[in-house]
Amino acid sequence: MSITITGGTGTLGRRVVETLRAAGQSPSILSRRPGADHVVADLQTGAGLPQALDGTETVLHLATNRRSDARATQHLLDAARAAGVQHLVYVSIVGVDAVPLGYYRSKLACEELIAGSGVPYTIVRATQFHEFVADFLRPQRRLPRVITLDVPVQPISTTAVAERLAALATTAPAHGRVDDLGGPEVLPLAEFARQWVEARGAAPEAARRRVVEWHLPGRLADAYRAGLHTTGVPGPGIPFAEWAATTP
Ligand SMILES: NC(=O)c1ccc[n+]([C@@H]2O[C@H](COP(=O)([O-])OP(=O)(O)OC[C@H]3O[C@@H](n4cnc5c(N)ncnc54)[C@H](OP(=O)(O)O)[C@@H]3O)[C@@H](O)[C@H]2O)c1
C-alpha cells in the first residue's frame with residue numbers, strides 16, 4: 001500500500017513512520033525539507049503537492065503549524081482529490097468542538113473541510129501527548145516552584161497514537177470520526193507535575209511542596225476544568241510516570 005504522511009518529521013509523525021516501517025510498510029514523508037524517504041512539498045503554498053501525492057493511496061495528515069492549518073488542509077484535499085487518493089486519515093484533538101481555543105477552532109475547521117471534501121476519510125481525535133505535558137514542565141526546571149493549573153489532563157504516549165493511526169491507515173475509511181483516543185489516566189495536571197519532578201530525582205514530599213496549582217478565571221479555563229478535552233474512559237499506552245522515568 002502506498003502511504004504518504006504529512007507531518008512525518010514531527011513528534012507524532014516520527015513514531016508513525018517507525019510503526020509503519022515495523023509493519024513492513026514504506027511510507028513517504030511529506031516535508032518542506034529534503035531527507036531520506038521525503039517528498040518535498042509545502043502545504044501552505046501547495047507547491048509540490050501534485051508530485052508528492054502521485055500514486056498515493058492513503059494519506060495520514062498530521063502536519064500542523066498551529067496558525068493556518070485550514071489553508072494547508074484545503075491545499076492537501078485539492079491535491080488528494082486530483083490524485084485519486086482513496087483514504088485520508090486526520091488526527092485531531094479531543095474537545096475541539098467544546099474548548100474555546102483558537103487552535104481547536106482551526107482543527108475543527110479542518111475536520112469540516114475534510115468531511116465535505118469528497119475524499120474518503122477517517123478522523124480520530126487524541127488527547128495531549130506525554131511530550132506536550134513535558135514541554136509545559138521542562139522550562140520550569142530552574143524555578144523554585146513548578147506552576148500548574150487546576151485542570152485534569154489525560155496524556156497519551158505517541159507510540160499508542162501511532163499504533164492507532166497505523167491501524168486506521170490499513171483499514172477502510174470510516175467516512176466520519178472513530179472513537180476518541182485518550183491516555184490511560186485522567187489526573188490533575190499538578191499530579192503529573194509531581195510525577196515529573198519525582199522522575200527527576202526529588203523525594204515525594206519535596207515534589208509535592210514544589211508544585212503549585214493556580215486557578216485561572218474565564219471560559220477557557222472553565223472548559224479545561226470541566227475536562228472537555230478528555231475522553232472520560234481509560235485508553236491505551238504507558239502511563240505518564242513510566243514515560244517520564246525514561247525521558248530526559
Ligand atoms: N501535541 C499534542 O499533544 C497533540 C494532541 C492531539 C493531537 N495532536 C495533533 O497531532 C498532530 C501532530 O502534532 P505534533 O505535535 O507531532 O506536531 P509537530 O511536532 O509540531 O510537527 C509539525 C509537523 O508539521 C509539518 N509542517 C508544518 N508546516 C508545514 C507545511 N507548510 N508543509 C508541510 N509540512 C508542514 C512539519 O514538517 P516539516 O517541518 O518537516 O516540513 C512537522 O513534521 C497535529 O495535527 C496536532 O494537532 C497533537
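Which residue in E2 is the bridge partner of Thr4?

1. The bridge partner of Thr4 in E2 is Ser28. The chain crosses from E1 through H1 to E2, and this β-α-β crossover is right-handed, a term used when, with the strands pointing away from the viewer, the path from the first strand over the helix to the second runs clockwise. Helices (H or I, at least four residues) and strands (E, at least two) are DSSP runs, numbered from the N terminus.

2. This is a predicted model, in which local features need pLDDT of at least 70 and side-chain atom pairs count only at pLDDT 80 or more, while totals for chains, interfaces and linings use all residues. Residues are numbered from 1 along each chain as its sequence is written.

3. Strand E1 (residues 3–6) pairs in the parallel sense with strand E2 (residues 28–31) over three bridges, and with strand E4 (residues 58–61), again in the parallel sense, over four bridges; two strands count as paired if DSSP finds at least two bridges between them. On the E4 side, Thr6 stands opposite His61.

4. The C-alpha trace spans about 60 × 35 × 30 Å along its principal axes, and buried residues make up 43% of the 248 residues. Of the contacts between residues at least 6 apart in sequence, 77% join residues at least 24 apart, a contact being two C-beta atoms, placed from the backbone, within 7 Å.

5. The ligand is surrounded by 25 residues, the closest being Gly10, Thr11, Ser31, Arg32 and Phe132; a residue belongs to this shell if its C-beta atom, placed from the backbone, lies within 6 Å of the ligand. Helix H1 (11–22) and strand E5 (87–93) are the elements that give two or more residues to the shell, and H1 gives the most, with three residues.

6. Helix H7 (residues 189–199) is mostly covered, with eight of its 11 residues buried; among them are Phe192, Arg194 and Trp196. Just after H7, Gly201 takes a positive phi of about 110°.

7. Val85, in the loop between helix H3 (69–83) and E5, counts as buried because it has 22 C-beta neighbours inside 10 Å. Not counting residues up to four places away in sequence, Val85 touches Leu53, Thr56, Glu57, Val59, Ala80 and Val119. The C-alpha atoms of Val85 and Leu53, which are 32 residues apart along the chain, are separated by 7.8 Å.

8. Asp37, in the loop between E2 and strand E3 (38–40), has a positive phi near 65° although it is not glycine, and with 13 C-beta neighbours inside 10 Å it counts as partly exposed. Arg66, in the loop between E4 and H3, has a phi near 65°, again a positive value in a residue other than glycine, and is exposed, with 9 other C-beta atoms within 10 Å.

How values were computed
Buried ≥ 20, exposed ≤ 12 C-beta atoms within 10 Å, placed from the backbone.
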